[in-house]
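Dear colleague,

Please read them with the structure open beside you.

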Amino acid sequence: MKTVQATDLFQLKTIGQPVYVNDMALFLETRLDEEKNTYCHEIVSIHQGTKERQVWGLESGVTGSLKVSPNHKWVSFLAKDAQEKQQIYLMSLTGGRAFALTKEAEGVMTYEWTSTGASLYYETTTPITEEKPKFVQPYTTERLSYQLDGSGLKKVVASYLIKKIDVATKIETLISTNERRKALAYVATDESYLIISDDLDYTNDWVYGTTVYYYDIAQKTQRSLTTDYPKGNFTFVEMAPNGTTCLLAGNDFSYAFVTQTKLYAYDLLTDTLTALTDDFDEEIGDAIISDTQQANQGVMPHWLTDDYVAVPITTNGRIDWYNLELTTKVLTKVSSGVYHFTDAAVINEDTLLVGYSTPTEPSILATLSLKTKVVTPLYNPNTVWLKDITLSQPQEFWYKSVDDWKIQGWYLPPVTSSSKHPAMLYIHGGPQVCYGETFFHEMQVHAANGYGVILLNPRGGQGYGQEFVAAILGDYGNKDYQDLMNGLDTVLAEHPEIDETDVYVIGGSYGGFMTNWIVGHTNRFKAAITQRSISNWVSFYGASDVGAFFVEFQLQRDLSKVDELWRLSPLAYVNKVNTPTLVMHSEDDLRCPLEQGQQFYVGLKKAGVPTKLVMYPESSHGLSRNGLPNLRLSRLAEIENWFTTHR
């Protein structure tokens, strides 16, 4: 049997964006192409009865948004044309070649079918000038939010358009023209209105959040559906089968960024908004991190009937499904077992089509019975690969930490056991995410290389209630730091086979901040690796795409308290570092900008600490999850080399 290698990234396949029609599950099957150094999404179907697998073609260029028309005539999706612009493509459910329905010069952003399936509404843009300038031009902005990680500087356009296109004739109709984007979410059955997403208050840069609006097509006016909540962040989820009740997800921002997501129902007939889950102290949706899942839209609530909603909940490192009864607001658990559900669609009021992952299964398509709680696999794209691979089985554990709180963690032992082996404490990002019961390629690689891997969910992460996730607001590097050290002590006590003199620390994003913080406050680790990190909250405030909001909401301070921000910055303690520390950062990271890693690197050099700076071109904050495949491999090699060098 073989162990997991970094290059197994090219063997792994994942499923995403499932839809169900005519006894078939349609989905995107994603793989990494080594030769092209890219991600390829292939449209595949599995017949529920016969389990027959069918490939629907057009592997290259598919970007997502897989849907089936309401009249069950078409499979629709977004794909790139010859000019690398994203267009709407259609393919008949009875077979035939896919064709581009739209030919927008600037491409299509999102789209929605009309209720009849005869036409679609979609978003596009028009450029400031139709002529390409001869020379490069300056970028000018007056907005606070002018850049976005993964996209760069926000594109300057003349207008954002919502259009309608008829499938049969391809005739286009302009529905609205706007100076800013009003994201399309739903088209009314009679096409009299749209549900859109827009800024909560576009006129004030310092008001954070978006919300949901009713847009009257004839009058070209909009009104908010969330006026009961002057603050917050709300999104449209789905329209009920009755066509009059909108399901919304959002929060009142009472805990700023870390306010747990709640569900709301808006009745368009009575213009009333009803909170459905105010008394439920769990995070709705998926907060579990992984480096394997691709092309997922993420689990979200789905209407089963006009009276019931299937609701996914992140709790204790797994996803559980609940039935929510609208009248009583009672939530009843309808799934069991340890799963990371990654995507879902409704088959009928009693059954969901789901994608899921476990610590030893990268991606499986299945059905979930909401009556019996039984998960029935339909298709595993990694069956052949799994037959020849020996995996490390994560061992779940709980321990007590500061304030007598219980903290959850997992330990991945080395695949090949050893009486005295090294271990690494790997700190997750966020921090409002969590490790969980999911497949993690990178962690399996480290275990195959002989390391024990320690994964902890310190306070500040999701899945353990509102108090837990809000516990580090204004207090980064204190009790969360103690949670990590206490978790490490617990693992070392329970696993004497670990060599306590051969332990390493590594993390990314918030985990990078915490790695920087740790090496400035303890010398217990033999070496460290900080990735896409935060080192200086003062410069982060103005350089990150979310800096001003993040610092004010998370650290509860602004630039009027520079001294306090500096006290909370790892860079302030870099002169105390003795631990050899590798700094890894993406050049195009706008979430934790490159200068954060550069500052810490220079500080380490000044302190005389063994260090190295590795920068990744054409890469943003998500390099380890969705970056260029060759750079993902290079990154894993750097990690192994750094720790091996300092053994």
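Is Glu564 buried, partly exposed or exposed? With a relative accessible area of 31%, Glu564 is partly exposed, and please keep in mind here that the model is a predicted one. The partner of Glu564 in a salt bridge is Arg557, and the closest N and O atoms of this pair are 2.7 Å apart. Arg557, for its part, counts as buried, since its relative accessibility is 14% and the cut-off for buried is under 20%.

Arg591 forms a salt bridge with Asp545, where the closest N and O atoms are 2.7 Å apart. This pair links distant parts of the chain, 46 residues apart, with Arg591 in the loop between strand 40 (581-586) and helix 9 (594-606) and Asp545 in the loop between helix 6 (537-543) and helix 7 (547-555). Arg591 is partly exposed at 28% relative accessibility, whereas Asp545 is buried, with a relative accessible area of 10%.

Arg180 forms a salt bridge with Glu179, and here the closest N and O atoms are 4.0 Å apart. Glu179 has a relative accessible area of 60% and is therefore exposed.

Finally, you could look for a network of salt bridges, in which Asp403, Arg459, Lys479 and Asp483 are linked.

Definitions and conventions: Residues are numbered from 1 along each chain as its sequence is written. This is a predicted model: local features need pLDDT of at least 70, side-chain atom pairs count only at pLDDT 80 or more; totals for chains, interfaces and linings use all residues. Side-chain values use heavy atoms; hydrogens and water are left out. A salt bridge is a side-chain nitrogen of Lys or Arg within 4 Å of a carboxyl oxygen of Asp or Glu. Buried means under 20% relative accessible area, exposed over 50%, partly exposed in between (1.4 Å probe, protein chains only). Helices (H or I, at least four residues) and strands (E, at least two) are DSSP runs, numbered from the N terminus.
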